Each structure stands twice: as structure tokens, then as C-alpha cells.
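We will go stop by stop.

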Amino acid sequence: SGDELKRRLTILGSTGSIGTSTLDVIERLGGRDRFEVAALTGNGNIPLLAAQARRMGAELAVTADGDRYGELKDALSGSGIEVAAGRTGLSEAAERDAGWVMAAIVGNAGLGPTLAAARRGADIALANKECLVSAGSLFIDAVAEGGGRLLPVDSEHNAIFQVLENDQRHAVERIVLTASGGPFRTKSLDEMQHVTAEAARAHPNWSMGLKISIDSASMFNKALEMIEARHLFNLRPDQIEVIVHPQSVVHSMVGYADGSVLAQLGCPDMRTAIGYALSYPRRCDLPVERLDFARLARLDFEAPDEVRFPALRLARRAMEEGGLQGAVLNGAKETALGAFIEGRVGFLDMAEIVEEVMNDLAGLPAATSMDDVFAADEQARQAAAGMIP
Ligand code: NAD
Ligand code: MG
């Protein structure tokens, strides 16, 4: 009874920060009474993935780690839940007919499955910004050809999506992406030289996965978001501004030709953006903290410092050079980030490595297929690895 009203959905990366927040939103909006889960995917955390799958009565559970198949199979024995693993398992999850797919795998690993879901016409709730940074217009085209909607989940892009009226797109002059400035906003270059991954992951406002937290500290996260915004909203590089806003209350803004600036505000809680992407074009009730303006008292803004945060300059360069520089920037960045987490390079070395790789691989022509994107990503990773001791 009422089964026909249930919405069928899939979460790629259900065990991560965005994935668990998505399941929390689903739970609050009625859980299994209102939603049917086609597939959930995770990587290393098998107990969490199995618990999520049992709780939601998922049809299919997938671990990206091929070596963990047996472990997941055991954890789900007797449940009737199908189990798969590895790359083929991920595509199986993406291909399962679900009208709404949360793309919340971290990094370039999300590209293949997210594309597969887009091509078959699912609405894509996009948290995995790396898809757009690397594949750019190829990804946009895949969504358009599939016929599904692209619903931005990244808080800045979700904010812009909320205030960007379709029939006013012609009058958009600029978008302003807000950035918290991260834990090192007021640190000197000298101090930043010696910071650890532990210090870099401590974000002042948002609770997020490890990699995006460190990317926020280096502002590589904002760099990726500039490129993401360019493709999502079809803008020129010079229409994309970044402003540092330490309170993370204004999630981003759109400036129009008549001088109006529209902003979306809220407490820093990803569940608002996830709920919007799930309920669009309607809105849902969510028990997130409400803004208390009197207590907040003020909103601060400051220009970003591209000397201490060269990632912003590199993003602008990638946008201007076009071609495969987005894929190159991201591939090099992911490799440098991995090395920083392992303590093999310093915090400031990350941007230096990315810049050198961009120099080396400058002039790659625009991608004509996803193979070109994967090849550029791989080339960038190898070039970056060659610069790491
Ligand atoms: P996370 O590290 O917490 O979770 C990542 C998910 O991907 C997990 O389910 C993990 O098991 C899975 N995964 C990891 N490696 C994988 C691989 N090789 N193959 C397949 N699956 C793999 O990350 P997160 O913070 O939830 O971020 C997810 C995505 O959302 C990222 O692209 C991030 O940039 C974006 N995003 C996150 C936030 C946030 O608040 N956390 C905000 C905006 C955008
Ligand atoms: Mg963001």
C-alpha cells in the first residue's frame, strides 16, 4: 500500500560524510515508508555499509574494494540483500533503475559511476565536484543526453541554484562563491610551511570528509568549486568571484545586471542542501539549526589572498586555458594531497606540485571522449608522483 508513491534512489558513497547526512535526511523525511533504496555503495567501512543496507532494506550493497567482497557478503548473509564489489559492482549500482542518485564518492573514483547514472537519465544530486572539474562539459552533456536533472549539492552551488531563476539567467553578471578561509585563514606563509595534516583537517565551521577538509585549508576546495561553477552555470571565468566569509552563513551569491545581489543563507549544515536536492522543486522540513541574527550580530567579508592560497590562481588559470587543465589540476592535486596526508610533502608543496604539472601538461587539447579525461588524469598523477620524494 502506497508503494507506488515511494521514491526509488541510490547513494554512491553512502558511508561518507555526505552519504550519512543523506541517509539522515531520508530518515527524517519518512525513511522506508517513503523511500526505496536501490543501491548503496561504500569502500572500506563494511560494518557501516552493511548496517545502512539492512536498515534501509536496500536491494544491492556494493563495496568499491574488490578484496572486501567476502566480508560484505558475510555481513549481509540472510538479509536477501544482493552484494557486489569493485569497479563492476559500482557500475551495477549506478545502472540500477533509481530516479534519484546521490553522487557522494570522493575524488575521481566517482566519475565513472556518476556518469553511468547520468547517461541512463537519473536525476543526479552532485556532491562529487571532481566529476565536473575533470570532465567538464562532457559530464554536462551526458546529463543532458540522459534527460535527468543536475542538482548541485555542494553548499555554494546549491545556494546559487536556489537563487538563480531560469528566466533571469540572461541577466547574471557574476556569481560570488564564499569561502570560510579554513583553519589557516590568518596564518603566515611561514607558519603554513610546517602545518600537519591533523591541523589542516580541523575545519572551523563544517564537519566533512578528510580530503575535502584539507582541501578547504589549502583552498584547493574553492579552486575546484570555481571550475565546478563555471560548468554548472555556464559562465565565463571572469564572472566567477571568491570572497572569504569566515562565518560560513552566506553560502554564495548571484549578482545581476540591475545591481541586485541574491544570496542564500543558513547554518553550515549540509543537510539543507541535500534536502533541497531531494525535494526540488519543493522544499522539505528539516530540523537543522536556525539562524539567530541577533546572536550572529555580524557577517564579515575579506578578499582572498592568492599568495598564501595559490590554488585560487591555479583554478583561474585552468579555466582560462581550458582543454584538459581541469582534469590535470584535479589529478595532480589528488596525488599531492595523498602525499601530504602521508607526510611525504609539506602543505605548501601541494600547490607547487600542481602548478608544475600544469606547466608540463599545458596545451592538451579539449577532451572529445571520457577516455581523454581518464588519460589526462592518469598523466597528471604520474607527473605529480614523479615530483614526490
Ligand atoms: P568522505 O571521505 O567522507 O566519503 C567518501 C565516500 O566515498 C565514502 O562512502 C567512501 O567509502 C567512498 N569512497 C572512498 N574512496 C572510494 C573509491 N576509491 N571508490 C569508491 N568509493 C570510494 O567524503 P565526503 O566528505 O562525504 O565527500 C564526498 C564528496 O562530496 C567529495 O567529492 C566532496 O568534495 C563532496 N562534498 C563534500 C562536502 C561535505 O560536507 N563533506 C561538501 C561539499 C562537497
Ligand atoms: Mg563547498
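This is a predicted model: local features need pLDDT of at least 70, side-chain atom pairs count only at pLDDT 80 or more; totals for chains, interfaces and linings use all residues.

Residues are numbered from 1 along each chain as its sequence is written, chains are lettered from A and ligands numbered from 1 in the order in which they are written, and side-chain values use heavy atoms, leaving out hydrogens and water.

**Stop 1: strand S3.** Select residues 60–63. Leu60 and Val62 point one way, Ala61 and Thr63 the other, and all are buried (under 20% relative accessible area, 1.4 Å probe, protein chains only). Strands are DSSP E runs of at least two residues, helices H or I runs of at least four, numbered from the N terminus.

**Stop 2: strand S2.** Find Ala39, opposite Leu60. Now show helix H2, residues 46–56: with S2 and S3 it makes a right-handed β-α-β unit. Right-handed means that, with the strands pointing away from you, the path from the first strand over the helix to the second runs clockwise.

**Stop 3: strand S4.** Select residues 82–85, parallel to S3 and joined to it by four bridges. Thr63 faces Ala85 here. Helix H3, residues 69–75, carries the chain from S3 to S4 in a right-handed crossover.

**Stop 4: strand S11.** Go to residues 261–265 and pick Leu265. Why is Leu265 counted as partly exposed? Because its relative accessibility is 34%, and partly exposed covers the range between buried and exposed, the latter being over 50%.

Methods. Two strands pair if DSSP finds at least two bridges between them.
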